[in-house]
Amino acid sequence: MPHPATDPGLTTSVAIIGGGPAGLMAAEVLAMAGVQVDLYDAMPSVGRKFLLAGKGGMNITHSEDLDGFLSRYGARRNEVAALLKDFTPDDLRAWIHGLGIETFVGSSGRVFPTDMKAAPLLRAWLHRLREAGVRFHMRHRWQGWDADGKLRFATPEGEISTTAAVAATILALGGGSWKRLGSDGAWMPLLAERGVELAPLQPSNCGFDVDWSEHFRSRAAGEPLKTIAATVMLNDGTPLRRQGECIITDTGIEGGLIYALSAPLRDAITPSAPATLYLDLLPDWLPARVLSELQHPRGARSMSSHLQSRLKLKGAKAALLRECTSAEDFQDMHKLAHAIKELPLKLRAPRPIDEAISSAGGVPFEAMQDAGEHHLMLRQLPGVFCAGEMLDWEAPTGGYLLTACFASGRKAAQGALRWLGETGANTAADTATTKENTP
């Protein structure tokens, strides 16, 4: 492939706006195909959310079978399956290995870099991109297009526009969570004013507000709930159950178990009614055993001592049981046994989107081309593609978010290459498209 930074015959330029995993992957596909890439980002450096997400251990993808993997994307399973068709989780691992970073599968099935860190991976990736000629423009906040179709940016030196209209643009601007890292959803009105259909941004992988009593809040906030199961009823009446851990907070409840159910819980909340989450405090115990232990004579012991002695229920679990059970039911062993296995917790509202790990909503797949090979190109804006979390899909944590972001960046770049070839941007672009399509 010709080197875009040095070959004077290359005139094709593609602008990528957003330096997260989707934008960087798009830049790599295009640069390796011989296209000049200019990548713009509002922050001082790229990959900031990627780095923070890897602070506690870089969970890059998941090792479960593809059918199970795709089930994590809910209503958007088919659309995400199309993104992952030629860039599966196994392909992602192979790509990481190509950067000189080894991976391993943890006990939960999650895949991590061997050193558990995001920074070495990002450094190796950026070195590859710079060697391929990708030009990075930091502190460039996208402001839309000017009257001539040129991209506008706010910079520390004032507003600027690209010197010429680019041949194609890939938007990888993130969703609406973690505003301080650049994902603020400010691109929504810029696309809306161009007639692009949009779905409102909503929190995903988030905590929820619960109206705790002051007594419970003051004593239990910050305490973990370990080895419990949670169930939410889906719209079709099907129960969705997950097992794991979560944390009681000052305002409600959050943690991995809650994040895994956050989409149906969020959608179940209405202005007039909360969502109900059913907690199983002893998921490894059969209901009959729970009742039998409760009915064991307790003599002069208090109920709290009885729960701890017979069922090992203590601490935050015991406090939560008391918080969510009436005084009358707490003395009825049948009702108390039922509460231990199916404790109803009323969730009043999701936490604000800026606290969420990710977001739902954004650009629906229906707003993009579905004919030919123009992957992820906006119907209203030919030559403009979207990728990453700004697309309207969501998934739980566990590597599913990152995998789809990587794959969508790759797919958008492939669509841009075909677009360049069809519009005859230059001979190099035609050649790149032909090679990209060659088995």
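Trainee: In which strand is Thr169 found?
Mentor: This is a predicted model in which local features need pLDDT of at least 70, side-chain atom pairs count only at pLDDT 80 or more, and totals for chains, interfaces and linings use all residues. Residues are numbered from 1 along each chain as its sequence is written, and side-chain values use heavy atoms, with hydrogens and water left out. Taking helices (H or I, at least four residues) and strands (E, at least two) as DSSP runs numbered from the N terminus, Thr169 belongs to strand 10.

Trainee: Is Thr169 buried or exposed?
Mentor: Buried means under 20% relative accessible area, exposed over 50%, and partly exposed in between, with a 1.4 Å probe and protein chains only. The relative accessible area of Thr169 is 4%, so Thr169 is buried.

Trainee: Which residues are in contact with Thr169, leaving aside its neighbours within four places in sequence?
Mentor: Contact means heavy atoms within 4.5 Å. With those neighbours left aside, the partners of Thr169 are Ala15, Ile17, Leu151, Gly383, Val384 and Phe385.

Trainee: Which strands stand at the edges of the sheet?
Mentor: The open sheet has five strands in the order 6-2-1-10-20, with parallel pairing; two strands pair if DSSP finds at least two bridges between them. A strand with a single partner has one side left without a neighbour in the sheet, so the edges are strand 6 (135-137) and strand 20 (384-386).

Trainee: What angle does the direction of helix 1 make with that of strand 2?
Mentor: Helix 1 (residues 21-32) packs on the sheet and touches strand 1, strand 2, strand 6 and strand 10 (168-171). Axes are lines fitted to C-alpha atoms, for helices over the stretch in contact, and angles run from 0 to 180 degrees between N-to-C directions. For helix 1 and strand 2 the angle is about 165 degrees.

Trainee: Which strands does helix 16 lie across?
Mentor: Helix 16 covers residues 400-423 and runs at about 170 degrees to strand 10. The strands it lies across are strand 1, strand 10 and strand 20.

Trainee: Is helix 1 parallel or oblique to helix 16?
Mentor: Their axes are 7 Å apart, and the packing angle is about 40 degrees. Angles under 35 degrees count as roughly parallel, over 145 as roughly antiparallel, 65 to 115 as roughly perpendicular and the rest as oblique. Helix 1 is therefore, relative to helix 16, oblique.
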